[in-house]
Amino acid sequence: MRYCIVPSNSKRYRLVDFLRDHNQVDWKLSRFKYAVDDIVFIYSAKPDQKLTHVMRVTQVNIKFKDSIPDDGYWVDRAAYSASIAEDNFCRFELIEEIQSDKLTLEKLMEHGMTKAPQSAQTLKADTLKYI
């Protein structure tokens, strides 16, 4: 099991709304390979710039036809089309929503992060210990 961080951009996808409605989300797989039971912290990009959710990976290698329909939650239609073309997703299940001013980008950078995450990555030990 790994502890990961992944950025989310509300200008592209309404993740908060989707999680409120479904308690899970299918996330496009990229170069970063998740495994079942990995813990994923969602980092909300500007304007929030903080951790907002803790998720658990429950499935990997999901095809688009088997994914949870979410087209109504996409703000950026081009990004939606690109994610469909990839046709490889994993499922994150919501563990909890985070409401803490102690998990802002500024605080995370005081504890091992060097910049806002631009893509999925494994958390550094110092940052994970702080969280």
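This is a predicted model: local features need pLDDT of at least 70, side-chain atom pairs count only at pLDDT 80 or more; totals for chains, interfaces and linings use all residues.

Analyst: Residues are numbered from 1 along each chain as its sequence is written, and side-chain values use heavy atoms, with hydrogens and water left out.

User: How many disulfides does a search of the whole structure find?

Analyst: A disulfide is a covalent bond between the sulfur atoms of two cysteines, and the criterion applied here is a pair of cysteine sulfur atoms within 2.5 Å. The sulfur of Cys-4 has its closest cysteine sulfur in Cys-90, at 9.4 Å, which is too far for a bond. Cys-4 is buried, at 0% relative accessibility (buried means under 20% relative accessible area, exposed over 50% and partly exposed in between, with a 1.4 Å probe and protein chains only), and Cys-90 is buried too, with a relative accessible area of 0%. The number of disulfides found in the whole structure is 0.

User: Why is strand β3 described as largely enclosed by the rest of the structure?

Analyst: Strands are DSSP runs of E with at least two residues, and helices are runs of H or I with at least four, numbered from the N terminus. From β3, Ile-39, Phe-41 and Tyr-43 point one way while Val-40, Ile-42 and Ser-44 point the other way, and all are buried. Strand β3 (residues 39–44) is largely enclosed because the count of its buried residues is 6 of the 6.

User: Which residue of β4 is the bridge partner of Phe-41?

Analyst: Strands pair if DSSP finds at least two bridges between them; β3 pairs with strand β1 (residues 3–8) in the parallel sense over 6 bridges, and with strand β4 (residues 50–62) in an antiparallel arrangement that also has 6 bridges. The β3 and β4 strands form a hairpin with 5 residues between them, and Gln-49 in that turn has a positive phi of about 50 degrees. Within β4, the residue bridged to Phe-41 is Val-54.

User: Within an arc of how many degrees do the buried residues of α2 fall?

Analyst: In helix α2 (residues 77–86), the residues Ala-79, Tyr-80 and Ser-83 are buried. Taking directions from the helix axis to the C-beta atoms, these buried residues line one face of the helix, because they fall within an arc of 105 degrees. On the other side of α2, Ala-78 and Ala-85 are exposed, whereas the cover over the buried residues includes β2 (24–28) and β5. The arc asked for is 105 degrees.

User: Is Ile-95 buried, partly exposed or exposed?

Analyst: Ile-95 lies in strand β5 (residues 89–97). Leaving aside neighbours within four places in sequence, Ile-95 is in contact (heavy atoms within 4.5 Å) with Ile-39, Val-54, Met-55 and Arg-56. The relative accessible area of Ile-95 is 40%, and the residue is therefore partly exposed.
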